[in-house]
Amino acid sequence: MKGLFLGLVVCLLVLLPAALGHDHPESLPTSPKKGRVAYYRMADGLGTPGGACGYAKTGVTYNYGNVAAASSKLWKNGAACGACYLVKCGIKGICNNEGVKIVVTDRGDGDNTDFILSSHAFEAMALPNKASQLLPKGVVDVKYERIPCKYPGHDTLTVKVTEQSRFAEYLSVVVLYQGGQYDVLGIQIYDGSVKQWKDMRNAYGAVYDLPNPPKGTISLRLKLKNIASGGAVKLVKLDDVIPRFWKAGVAYDSKVKLA
């Protein structure tokens, strides 16, 4: 198939602010799968500052633009957000052996595709000076596998208060830098007035929200599924991760590093 028009793709990609730091990625305990990938093109080859995961403008510089939209079958109601994959095409004389390391930042379905890559990521699968031969193919067969990933300068969990939040009235958050091998299955918030953990609503993608949030500093508890350990689920507590006078659009470092 030659090319892929935006009108044929339900896809809005978004990038997060960092680059994957896994030059020698360690595969998770899953076998490489056969699949198909397509791409869409923006003027800069990157994604858009919007997307189904809800990373918004925070994502514009993520992973040098090597991002992807996951298909419906991989989306997992938004738990796919932040997952890292190694993707390789196999066209002799055009594709390299290293492939490209991508992170899921959006949802999108194409022509029976597993991922829709940014054109920057699609080109990264090519041998030097061969991208011009790979791009016209539009859709290619690949092998892909889930991998852990690191973000230089961001080795701890970060909680961003989204731009839609309104102080004291409505709190909306998204978790960043969970390391690629973890799926975020849920987020709870601690209400000190009743001494209880309360579930936040999964608004969409990776975004969780709550009207009338507790006053004072805010602690969260994440329900995480570790793909690297066979799918074990654990709770990770982020004490006082959001300050008392929080602001919309600001990211707060939890100081918590996932093992």
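Between which strand and which helix does the loop that holds Ser 71 lie?

## A buried serine in a loop

In this predicted model, Ser 71 sits in the loop that runs between strand S3 (67-70) and helix H1 (72-75). With a relative accessible area of 2%, Ser 71 is buried, because buried means a relative accessible area under 20%.

When residues up to four places away in sequence are left out, Ser 71 touches Gly 108, Asp 109, Thr 113 and Asp 114.

## The chain as a whole

The protein chain contains three helices and 16 strands, and 52% of its 259 residues count as buried.

In soluble globular proteins, nonpolar side chains tend to be buried together. The largest nonpolar core in this model has 42 residues, and the members that touch the most other members are Phe 115 and Met 125. Strand S4 (residues 84-89) gives the most to this core, contributing five residues.

If neighbours within four places in sequence are set aside, Phe 115 is in contact with a list of residues that includes Arg 36, Val 37 and Ala 38, as well as Ala 68, Ala 69 and Ala 70. Other contacts of Phe 115 include Leu 74, Tyr 85, Ile 102, Val 104 and Tyr 144. Another core, of 24 residues, lies apart from the largest one, and among its members are Leu 171, Met 200, Ile 218 and Leu 258.

How many cavities of 30 Å³ or more are counted? The count comes to one cavity, and about 70 Å³ of space lies in the largest cavity.

The residues that line the largest cavity include Tyr 55, Gly 78, Ala 79 and Cys 81, together with Val 175, Gln 178, Val 184 and Ile 187. Gly 205, Ala 206 and Tyr 208 also belong to this lining. When the lining residues are divided by type, eight are nonpolar, three are polar and none is charged.

## Two exposed loop residues with positive phi

Asn 112 lies in the loop between strand S5 (100-109) and strand S6 (115-118), and its phi is near 55 degrees, which is a positive value in a residue other than glycine. Is Asn 112 buried or exposed? Asn 112 is exposed, because its relative accessible area is 61% and exposed means over 50%.

Lys 195, in the loop between S10 and strand S11 (196-199), has a positive phi of about 55 degrees although it is not a glycine. With a relative accessible area of 64%, Lys 195 is exposed.

Strand S10 (residues 182-191) contains Asp 191. At 10% relative accessibility, Asp 191 counts as buried, since the value is under 20%. Not counting residues up to four places away in sequence, Asp 191 touches Gln 196, Lys 198 and Pro 214.

How values were computed: Residues are numbered from 1 along each chain as its sequence is written. This is a predicted model: local features need pLDDT of at least 70, side-chain atom pairs count only at pLDDT 80 or more; totals for chains, interfaces and linings use all residues. Side-chain values use heavy atoms; hydrogens and water are left out. Helices (H or I, at least four residues) and strands (E, at least two) are DSSP runs, numbered from the N terminus. Buried means under 20% relative accessible area, exposed over 50%, partly exposed in between (1.4 Å probe, protein chains only). On a 1 Å grid over the protein atoms alone, a cavity is a set of points where a 1.4 Å probe fits but cannot get out, and a pocket is an open set with protein on both sides within 12 Å along at least five of seven lines; lining residues have an atom within 4 Å of a point. Grid points are joined across faces, edges and corners, and a volume is the space filled by probe spheres set on the points. Ala, Val, Leu, Ile, Met, Phe, Trp, Tyr, Cys and Pro count as nonpolar, Asp, Glu, Lys and Arg as charged, and the others, Gly among them, as polar. Contact means heavy atoms within 4.5 Å. A nonpolar core is a set of buried Ala, Val, Leu, Ile, Met, Phe, Trp, Tyr and Cys residues joined through side-chain atoms within 4.5 Å.
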